[in-house]
Amino acid sequence: MADVRLGDANGLPADLPWAAVLLLCGNPGLGGSFEGNRRLLARLAEVVAPGAVLIGDSVTPTGSPRASLRIRDRDLATPWWQQYNIPAGQMTSLVDGTGWRMEWHLHDGEDHAVLLRRA
């Protein structure tokens, strides 16, 4: 059974346990701050099935890890949101205690990706 939904990662529905979460293009940083990202991971751990996986990627910033972003297409634009790009050296401490365990952490220069499994 396919179940695809459009929603906000900070307000996920909990009516069904999720088997996988994809947070690509820096989206593990949607919490807006280090602690906000930890809260996001903990909330995701609450709504996924046991053994679920989370795949995400981020970039180690050369300056501040904080960024204000929005998506724009012609005359349409989303509201601004805060993103916190997670430096590779902070990934382990970010994940610890959130209900996830890191299975692998792949580095490619500034870019890095993780595979997390629901603990």
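Contact, as the word is used on this tour, means heavy atoms within 4.5 Å. The structure in the viewer is a predicted model.

Select Gly-32, which lies in the loop between S1 and H1. Show its surroundings, leaving aside residues up to four places away in sequence: Gly-32 touches Asn-37, Arg-66, Gln-82, Gln-83 and Tyr-84. Is Gly-32 buried or exposed? Its relative accessible area is 13%, so Gly-32 is buried.

When residues up to four places away in sequence are not counted, Ser-33 touches Arg-66 and Tyr-84.

**Second stop: the aromatic pair**

The structure has 1 aromatic pair by the rule applied here. Phe-34 and Tyr-84 form this pair in an edge-to-face arrangement, with 6.5 Å from centre to centre and 75° between the planes. Phe-34 belongs to helix H1 and Tyr-84 to strand S6 (residues 81-84), so the pair ties together parts that are 50 residues apart in sequence. The two residues may also be viewed by accessibility. Tyr-84 counts as buried at 7% relative accessibility, whereas Phe-34 is partly exposed, with a relative accessible area of 22%.

Now select the strands S1, S2, S8 and S7. They make up an open sheet of 4 strands, in the order S1-S2-S8-S7, and the pairing is mixed. Which strands stand at the edges? They are strand S1 (18-23) and strand S7 (100-108); each has a single partner strand, so one side of each is left without a neighbour in the sheet. On average, neighbouring strands of this sheet are turned by 10° against each other, direction ignored.

The pairing can be followed across the sheet. In general, strands of a sheet pair through backbone hydrogen bonds, either parallel or antiparallel.

- S1 and strand S2 (residues 48-59) run parallel and are joined by 5 bridges. Select Ala-20 to find one example: its bridge partner in S2 is Val-53.
- S2 and S8 run antiparallel, with 7 bridges between them. Here Asp-57 stands opposite Ala-113 in S8.
- S7 and S8 run antiparallel and are joined by 8 bridges. Trp-104 has Leu-115 in S8 as its bridge partner.

S7 and S8 form a hairpin with 2 residues between them, and Gly-109 in the turn has a positive phi of about 65°.

Then display helix H1 (residues 34-47) over the sheet. H1 lies across S1, S2, S7 and strand S8 (111-118), and it runs at about 150° to S2.

Most residues other than glycine have a negative phi. Two residues may be inspected with this in mind.

Select Cys-25, in the loop between S1 and H1. Its phi is near 60°, a positive value in a residue other than glycine. Cys-25 has a relative accessible area of 70% and is therefore exposed.

Select Arg-74 next, in the loop between strand S4 (72-73) and strand S5 (76-77). Phi of Arg-74 is also positive, near 55°, again in a residue other than glycine. Arg-74 counts as exposed, at 73% relative accessibility.

**Last stop: the cavity**

How many cavities of 30 Å³ or more does the structure hold? It holds 1. The volume of the largest cavity is about 30 Å³. To locate the largest cavity, select its lining: Pro-28, Leu-41, Leu-54, Met-91, Leu-94, Val-95, Val-114 and Leu-116. Helix H2 (91-95) and S8 are the elements that give two or more residues to this lining. The largest share comes from H2, with 3 residues.

Conventions
Residues are numbered from 1 along each chain as its sequence is written. This is a predicted model: local features need pLDDT of at least 70, side-chain atom pairs count only at pLDDT 80 or more; totals for chains, interfaces and linings use all residues. Side-chain values use heavy atoms; hydrogens and water are left out. Two strands pair if DSSP finds at least two bridges between them. Axes are lines fitted to C-alpha atoms, for helices over the stretch in contact, and angles run from 0 to 180 degrees between N-to-C directions. Rings of Phe, Tyr and Trp (its six-membered ring) pair if their centres lie within 6.5 Å; planes under 30 degrees apart count as stacked, over 60 as edge-to-face and the rest as tilted. Buried means under 20% relative accessible area, exposed over 50%, partly exposed in between (1.4 Å probe, protein chains only). On a 1 Å grid over the protein atoms alone, a cavity is a set of points where a 1.4 Å probe fits but cannot get out, and a pocket is an open set with protein on both sides within 12 Å along at least five of seven lines; lining residues have an atom within 4 Å of a point. Grid points are joined across faces, edges and corners, and a volume is the space filled by probe spheres set on the points.
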